[in-house]
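Me: Got a model here I'd like to walk through. Can you take my questions as they come?

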Amino acid sequence: MAVGIKRALLRARGRNNEGVVGLAIIILVLAVGAVDHSFWSAATVFNLFRNSYEPLVFALGVFLVLLIGGIDVSFDAIGIFAGYSVAILIGQGHLGGGLWIYFLVAAGIGLMLGAFNALVVAAFRLPVLIVTLGTRGIFVGVLLTAIGSAYVNNLPPSIQSFGNSYLVTVRTPSGQVAGLQTLVIPVALLCVLVAIVLRYTVLGRGVYAVGGGEETARRAGFSVGAIKTMVFCVAGLLAGFAGMIHVSLIGFADPQDLVGNELIVIAAVVFGGASIFGGRGSVGGTVLGVLLLELIQYALITLKIPSSWDNVAIGGLLLAGMVLQVARYGGGWRTFRMRVQTRLSGATE
Amino acid sequence: MKQSLSRFTMALRTEHSAAPVIAATVIVFVLFSLMAPDIFPTQVNMQSIGYQMPETALLGLAVMLSMVVAGIDLSVVAIADLAGVAMVQYYETAGGVDAGFGVIVIGILIALAVGAGCGMINGLLIGRLRITAILATLATMELYGGLAIAWTGGPALLKVPTPIQELGYAAPWGIPVPAVIFVVCAVLVAVLLNASRFGIRSILVGANPRAAELSGVREPRVQLGVYTASGLLSSVAGIIFVGRTASATPDYGASYILLAVVIAVLAGVNPAGGYGTVLGVTLSAFVLSMIQSGFVALNFNQFLYQAAQGGILILVLAIGSLARGDQRWRRYLSPRRRKEGGESHATSPGAEETASVSGPGS
């Protein structure tokens with residue numbers, strides 16, 4: 001009996017401590033709600049979702065690159081590059097059609113920039129962090145010099161109304177309208193799709209295999225180069241899509257936007273249980289990680305704590321979470337450390 | 001000439017070296033001097049670089065130290081801001097702009113103490129609790145930066161004593177004070193890294209933690225020392241921030257963190273640990289500052305600087321990686337030639353011989 005309970009608990013904890021993140025979310029919701037009962041409402045959920053769509057799609061891309069053992073810091077640059085370029089194309093009348101077209105074009109631009117990342121990584125065999133630090137600068141520089149540096153706010157009505165198209169709406173006691181946006185469908189589909197591909201296809205298992213050990217994956221018959229290229233392209237595509245979400249939700253395109261907030265998305269993904277050395281993590285954990293970080297910020301508003309304390313709260317919770325996560329490696333630290341060494345030296349040689 | 005050239009390519013071929021960044025420094029300097037001979041290679045321009053460069057170079061040194069032990073310190077900018085805020089908070093309560101000499105010295109000591117303290121916390125998290133460096137410093141970056149913002153509530157603190165402000169613009173004998181501070185710090189770090197027991201231990205821990213452990217190096221202590229030093233350097237950068245902007249801004253220089261990583265990596269520092277170069281970091285900070293001011297001199301679009309910064313990072317590292325004989329890309333360009341080579345080998349007389357020899361035996 002006791003064994004059964006223990007097994008159930010271990011199972012709920014998840015392979016990468018996703019359960020712990022889920023538990024943190026539940027505790028936080030209960031605690032904040034105890035202080036302010038209006039926190040327990042559909043409006044909170046809807047607002048939380050609204051804040052999470054864009055970081056979540058970015059986080060999916062970051063997660064994929066993290067799975068193959070690389071840290072991508074160029075995603076925000078790709079996102080705003082794609083979103084702003086689409087806004088410019090629309091403004092110049094080169095791009096007509098509906099919302100679908102805009103998102104497709106943005107994703108396509110993102111895919112091309114992701115392919116550029118893949119090319120540089122493959123050609124020079126440099127670590128992903130270094131390459132994306134470089135390409136991030138290149139993307140932003142090219143965007144601001146060649147494409148434009150001014151605000152675009154005359155976006156077509158289909159984009160303007162996009163942020164306000166709801167599946168369900170509720171009215172909060174204070175009279176504001178909060179709703180579940182239509183956007184939840186494509187974002188949820190993306191998450192499910194990535195999760196299915198990672199879990200049930202040869203390609204997906206290959207991504208985990210490459211992250212677990214490149215040489216091992218190669219000997220097991222996976223085409224390492226193709227898998228890596230694929231991952232960078234998909235990460236770029238997701239970043240482009242997220243950039244378009246950003247532009248359409250705020251209703252204007254600012255080319256100097258986004259870039260500089262990379263680390264918080266990476267933190268969310270890592271918090272969701274993905275290992276920065278690759279091969280570990282899940283889509284579910286990533287979703288929970290993003291939701292937790294957004295929840296913290298939202299809870300601070302509810303608790304009327306000045307927003308200047310945002311970073312302290314996030315940093316403190318991150319730190320607390322990491323100390324808990326360390327238990328996961330426990331005695332195996334030394335082997336873990338050795339693995340890191342071989343990984344990193346393998347990547348730079 | 002030929003010999004020195006071959007020595008240079010040899011230097012490029014060794015796994016880690018500052019050679020690519022030295023070459024980049026010379027090329028960038030000559031290039032801009034030729035393109036803008038009246039503006040670029042002048043004393044005024046070099047002076048302005050001397051004011052700009054030290055703060056990012058100090059942060060680059062701090063990141064380099066953490067990379068030597070195979071870690072990374074993302075909290076350097078946050079520590080610099082927090083140290084600056086702590087210093088000016090003290091001045092606001094003790095005299096403001098007209099603070100006396102004693103007060104100023106105490107303020108500087110407070111800033112250094114904050115830097116060392118924050119660094120020690122990083123070192124304990126990474127060395128004792130065994131949290132991966134990039135994650136621990138990501139969290140403390142939020143925490144320290146957040147504390148700076150929460151302490152002031154957002155706005156900048158302006159009551160900076162005059163002598164501290166002078167740090168930002170004084171130039172005795174034509175040499176900017178920030179540059180002097182930087183040179184002193186750089187020499188200290190170079191001595192620490194290359195000529196002290198602590199430095200040798202750090203390099204060993206970064207190069208091979210297992211071997212270091214077996215040789216009796218206590219890794220947690222090394223980590224503690226390295227991150228404390230990194231925090232101290234960051235707080236010096238924080239003092240220069242305050243001097244140059246005549247204020248303590250809690251979220252100053254948010255873009256500097258990735259710049260500091262770029263500086264360290266461009267210098268040839270291996271993020272996997274075991275190699276650091278003070279000269280390389282100094283030169284790479286210098287190269288980036290030169291490009292920035294060169295673009296101003298040439299009236300280029302300022303945004304292009306960001307692209308140039310990214311491009312030069314990839315270019316320099318790619319040249320280094322190619323020079324080391326890592327030429328996998330050739331296979332992509334000419335897969336055919338490689339295949340033909342393989343076939344010719346198979347039909348060579350030697351191959352036939354071995355085939356015939358092994359034939360009967362099997």
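Predicted model: local features only at pLDDT ≥ 70, side-chain atom pairs only at ≥ 80, totals over all residues.

Me: Which residues touch the most other members of the largest nonpolar core?
Reply: B:Leu61, B:Leu82, B:Ile263 and B:Ala264, in a core of 223 residues. A nonpolar core here is a set of buried Ala, Val, Leu, Ile, Met, Phe, Trp, Tyr and Cys residues joined through C-beta atoms within 7 Å. Buried takes 20 or more other C-beta atoms within 10 Å of the residue's own, with C-beta atoms placed from the backbone.

Me: What gives this core its largest share?
Reply: Helix H3 of chain A, residues 42–67, with 15 residues. Helices are DSSP runs (H or I, at least four residues), strands likewise (E, at least two), numbered from the N terminus.

Me: What does B:Leu82 contact beyond four places in sequence?
Reply: B:Val114, B:Cys118, B:Tyr144, B:Leu147 and B:Ala148. Contact means C-beta atoms, placed from the backbone, within 7 Å.

Me: Now the chains. How many residues of chain B are in contact with chain A?
Reply: 48, in contact with 47 residues of chain A.

Me: Which helix gives the most on the chain B side?
Reply: H6(B), with 13 residues.

Me: And chain A, how many helices and strands?
Reply: 15 helices and two strands. Of its 349 residues, 47% are buried.

Note on methods
Residues numbered from 1 in each chain as written. Chains lettered and ligands numbered in written order. Buried ≥ 20, exposed ≤ 12 C-beta atoms within 10 Å, placed from the backbone. Contact = placed C-beta atoms within 7 Å.
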